[in-house]
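This report examines selected local features of one protein model. Please consult the sequence and the structure shown below while reading.

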Amino acid sequence: MGSSTAYNAAKRGLKTLLLEQFDFLHHRGSSHGESRTIRSTYPENYYINMVLESYRLWQEAESEVGYRVYFKTQQFDMGPSNDKSLRAVIANCQTNSIPHQVLSSSEVAQHFSGKIQIPHNFIGVLSELGGVIKPTKAVSLFQTLAIKRGATLRDNTEVKDIKRDHLSGGILVYTAKGKRFCARKCVVTVGAWMKELVKSVDGMDLPIQPIETTVCYWKIKEGYDADYKIEAQFPTFASYGQPYIYGTPTLEFPGLIKVALHGGCLCDPEKRTWGPVSLLGPLQSWVEERFSGRVDSSKPVIMQSCMYSITPDEDFVIDFLGGEFGKDVVIAGGFSGHGFKMGPVVGRILADLAVTGEAEGVDLTHFRIERFKENAKGNVKEFQDQVTLPLNV
């Protein structure tokens with residue numbers, strides 16, 4: 001999110017400095033790896049226009065940099081026919097004129113020629129707007145374009161404090177190495193370190209909790225490799241219910257398909273286990289049943305540790321820090337494992353807020369900090385949480 005914001009700020013001709021606490025393109029946060037799903041199928045209607053704008057902005061950035069990070073395919077959502085989240089997905093597709101089909105279990109089997117099977121009490125929702133984003137490559141894209149537009153980027157520069165400069169009226173940013181930077185505006189997108197930094201700067205307890213999760217890749221059995229490739233238009237997918245399971249077609253690793261569980265264990269970002277934290281039992285059963293035995297469900301062949309930060313309602317935090325900082329410090333975090341796809345629009349929104357104090361064309365009501373003071377659980381929803389937390393492994 002920070003790299004996208006730097007690009008968007010520099011694109012407006014602003015003098016822009018991006019500070020990264022680790023090496024550029026590091027693997028210690030939430031914005032690395034081989035693939036992220038992009039989909040317009042959301043139970044919450046307020047995300048859909050943000051995703052639709054992001055599709056366009058991803059492609060615009062690709063055109064500017066000269067290489068691809070977005071790979072298009074369909075999105076397939078499935079779950080019990082009475083699942084409230086999935087029913088909300090269908091309603092939002094209809095409201096927003098998103099091309100989609102609602103399929104019975106027999107229609108799913110026919111459409112995918114047995115590559116995907118769902119139980120008789122399930123339905124499927126097939127949307128044209130799916131795809132895969134290459135995250136590490138995408139972060140590099142935004143950093144490259146930010147530099148091209150005149151931004152200054154510094155890595156291994158950890159921010160330890162932010163203060164109001166009462167003489168100039170600006171913002172002072174202090175680093176762990178004793179450096180001090182002065183600016184008119186400051187945007188904070190420190191991921192899993194957000195709660196700690198905001199607490200030290202402002203005294204506010206933001207309900208943003210880092211969790212460690214595991215991404216799993218499974219071996220496709222001989223003779224079926226071609227069926228699950230993105231080039232064959234196999235879709236990105238999500239399975240509603242408990243647990244919520246998601247995945248991507250074969251793209252980054254030949255002969256492997258990514259299937260993972262949305263959830264993990266609470267963690268301290270400085271003291272991660274770096275080991276498996278996913279419940280394999282539910283994943284093994286899901287892989288065996290949904291792919292009709294065409295994918296080896298005995299165990300994943302690759303397991304990668306990842307981390308993201310969740311809020312109680314799984315909605316973003318995008319707001320001004322307030323207090324003595326007023327509208328001069330903007331914070332964005334708590335992307336809850338589903339924010340990367342919206343990186344381009346979030347960067348645009350954060351640049352808007354820093355420059356004008358308003359986000360053009362986007363209602364940020366659901367992303368306010370104040371919502372947690374009104375209700376500790378945040379936004380009230382009619383459907384259940386999708387994250388599984390904590391996992392007992």
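Asp 328 is buried, with a relative accessible area of 16%; buried means under 20% relative accessible area, with a 1.4 Å probe and protein chains only. The model is predicted, so local features need pLDDT of at least 70 and side-chain atom pairs count only at pLDDT 80 or more, whereas totals for chains, interfaces and linings use all residues. Residues are numbered from 1 along each chain as its sequence is written, and side-chain values use heavy atoms, leaving out hydrogens and water.

Asp 328 belongs to the loop between β19 (317-320) and β20 (329-333); strands are DSSP runs of E with at least two residues, and helices are runs of H or I with at least four, numbered from the N terminus. Apart from neighbours within four places in sequence, the residues in contact with Asp 328 include Gly 169, Ile 171 and Cys 186, where contact means heavy atoms within 4.5 Å.

| Pair | Distance |
|---|---|
| Side chains of Asp 328 and Arg 164 (polar contact) | 2.8 Å |
| Side-chain oxygen of Asp 83 and backbone nitrogen of Ser 85 | 3.0 Å |

A polar contact is a pair of N or O atoms within 3.5 Å; within protein, one must be able to donate a hydrogen and the other to accept it, and residues adjacent in sequence count only if both atoms are side-chain atoms. Asp 83 caps the N-terminal end of α3. The buried residues of α3 include Leu 86, Val 89 and Ile 90, and Ser 97, which follows α3, has a positive phi near 55°.

Technical notes: Buried < 20%, exposed > 50% of the residue type's maximum accessible area, 1.4 Å probe, protein only.
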